[in-house]
Each structure stands twice: as C-alpha cells, then as structure tokens.
Amino acid sequence: PDLRSAALDSKAWPYEEARKLLKRYPNGKPGGEAILFETGYGPSGLPHIGTFNEVLRTTMVRNAFHALSDQPTRLIAFSDDMDGLRKVPDNVPNGDMLREHLGKPLTRIPDPFGKFDSFAAHNNAMLRQFLDRFGFEYEFASSTEYYEGGKFDDAIKGVLRQYQGILDVMLPTLRGERRETYSPVLPVSPMTGVVLQVPVEVVDAEAGTIAFVDESGER
C-alpha cells in the first residue's frame, strides 16, 4: 500500500493522534490556516532530554499528520520565559546572584553565564541550538515577547470577564493555602519585580485593569 493508506491503518500512536486531528479538521482550518502544533519549555533550567522528547514527540505526530493530509502545519516551540524563578538550578554558576532574583520573571534576571541579556535569553539560545543540532523544523516563540507585544491581551481580558466563573471551577480543586492565593492571572509587583501569587480584584475587564495587594501590604 502507499504511505497514506498505510498511515490511515497504522496503530502506532503518532498516527492515532494525527487521525484525531484529521477528524477535527477534515477540510483544514478556515482560510487555509496552518494546523498549529506547540511544545512548551520552562527556561528556569538548561534544556535536557525531556525537552528534546517533547519536541520529538510533537514532531512525530506532525509528520504522521503530513502522511495523512496535505494541509499546512506549523510547530511552535514556546518558551514560558515570563515565569518567576522558583529555585536556583544546581548546574549553573553564580547561584548566590540568582538567589537574589528568586520570583522574578526569567527574562528580568541576569545571565549567570555572563553571555546574554538575561537568564532566559541564555537558556532560550541553548534550546534553539539543541533543536537546530538535530534538524527540527520549528518556530521559536517567547512568552515575554507575546505579553509585551500585546498578543495575549484579548485572551487576558477574556479571563478577566469570566474571572469569578474560573474561580468557581478552580478553587474547589485546591488545598487550603493555595486556595487563599490562587488567581488565574499573576501580577508582577511594581515594587520588587517579583511574580506574585495573590488574589486579584477585577477593576475593569474591558480595559484589562486589576487591583491587588503586594508584599508591602500596599494596594
């Protein structure tokens, strides 16, 4: 049989996942838009075999989809580089310096290797070198660039419009201490630059404004 016929019958998991996508988009996305595949990377540490496996598995499903369909696809390697640094990795230099920046977004922490503008920029570069070395086809994306460039604005406003509904779903699933601090949006303290896990008050969902109490107790 030809490759497409074999792909339609294959029991291998990449083809099974690809067939689910084909069922969802039998005629492609509207306007011929590409089917989007995405992987995630948290650059609070160096890329490792788990990072490689995530991109590899996603690429396997993407390639299986290509065997089933002529629809265009894209693969985005997304870096969550606005996340706050929770702990200092034990395989990087200048740990004491990094400890001074715990909680801050990774793109706002100096590079402990002294080569890039930030810790995130260093690790993002390592990720791209890692993937390029093995010939992966992908597009790199940075959450910092998406946030600062406004790409998430509409989605964030949508979260704020449904804020109470989200809390009603999420809070019963959390333990007591986390329940007291949970919010689906995490503000960055204007005083310390730390990503805060605190309850927020939606002031104006359409304007995207919130209120919260920071570490100093100021609102």
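1. Let me start with the charges: the count comes to eight salt bridges in this model, which is a predicted one.

2. Take Arg-4 and Asp-70, whose closest N and O atoms are 3.0 Å apart. Arg-4 counts as partly exposed, at 32% relative accessibility, while Asp-70 counts as exposed, at 69%.

3. Glu-148 and Arg-108 form another salt bridge, with 3.8 Å between the closest N and O atoms. Here too distant parts of the chain are linked: Glu-148 belongs to helix H6 (residues 143-148) and Arg-108 to the loop between H4 and H5, 40 residues apart. Glu-148 is exposed, with a relative accessible area of 58%; Arg-108 is partly exposed, at 42%.

4. A local pair is Arg-99 with Asp-96, where the closest N and O atoms are 2.8 Å apart. Both lie in helix H4, three residues apart, or about one turn of the helix. Asp-96 is exposed, at 56% relative accessible area, and Arg-99 is partly exposed, at 47%.

5. Now for a charged residue without such a partner. Asp-111, in the loop between helix H4 (95-99) and H5, is buried yet has no salt bridge; Lys-115, the nearest side chain of opposite charge, is 7.3 Å away. What does the side chain of Asp-111 have within reach? A polar atom of that side chain lies 2.9 Å from the backbone nitrogen of Phe-113, and one lies 2.8 Å from the backbone nitrogen of Lys-115.

6. Next, have a look at helix H3 (residues 49-68). Its 20 residues reach 29 Å from first C-alpha to last, close to the expected 28 Å. Its buried residues include Phe-52, Val-55, Val-61, Phe-65 and Leu-68. Among the elements covering the buried residues of H3 are helix H2 (13-24), strand S1 (35-41), strand S2 (73-79) and helix H5 (119-133).

7. Finally, the cores. The largest nonpolar core has 21 residues, of which Phe-37, Phe-65, Leu-131, Phe-136 and Tyr-138 touch the most other members. H2, S1, H3, S2 and H5 each give two or more residues to this core, and H3 gives the most, with seven. Leu-131 is in contact with Val-55, Ala-77, Phe-136 and Tyr-138, leaving aside neighbours within four places in sequence. A second, separate core of twelve residues includes Tyr-163, Val-185, Ala-205 and Phe-212.

Terms used
Residues are numbered from 1 along each chain as its sequence is written. This is a predicted model: local features need pLDDT of at least 70, side-chain atom pairs count only at pLDDT 80 or more; totals for chains, interfaces and linings use all residues. Side-chain values use heavy atoms; hydrogens and water are left out. Helices (H or I, at least four residues) and strands (E, at least two) are DSSP runs, numbered from the N terminus. The expected span of a helix is 1.5 Å times one less than its number of residues. Buried means under 20% relative accessible area, exposed over 50%, partly exposed in between (1.4 Å probe, protein chains only). Contact means heavy atoms within 4.5 Å. Lys and Arg count as positive and Asp and Glu as negative; His and the chain ends are not counted. A salt bridge is a side-chain nitrogen of Lys or Arg within 4 Å of a carboxyl oxygen of Asp or Glu. A polar contact is a pair of N or O atoms within 3.5 Å; within protein, one must be able to donate a hydrogen and the other to accept it, and residues adjacent in sequence count only if both atoms are side-chain atoms. A nonpolar core is a set of buried Ala, Val, Leu, Ile, Met, Phe, Trp, Tyr and Cys residues joined through side-chain atoms within 4.5 Å.
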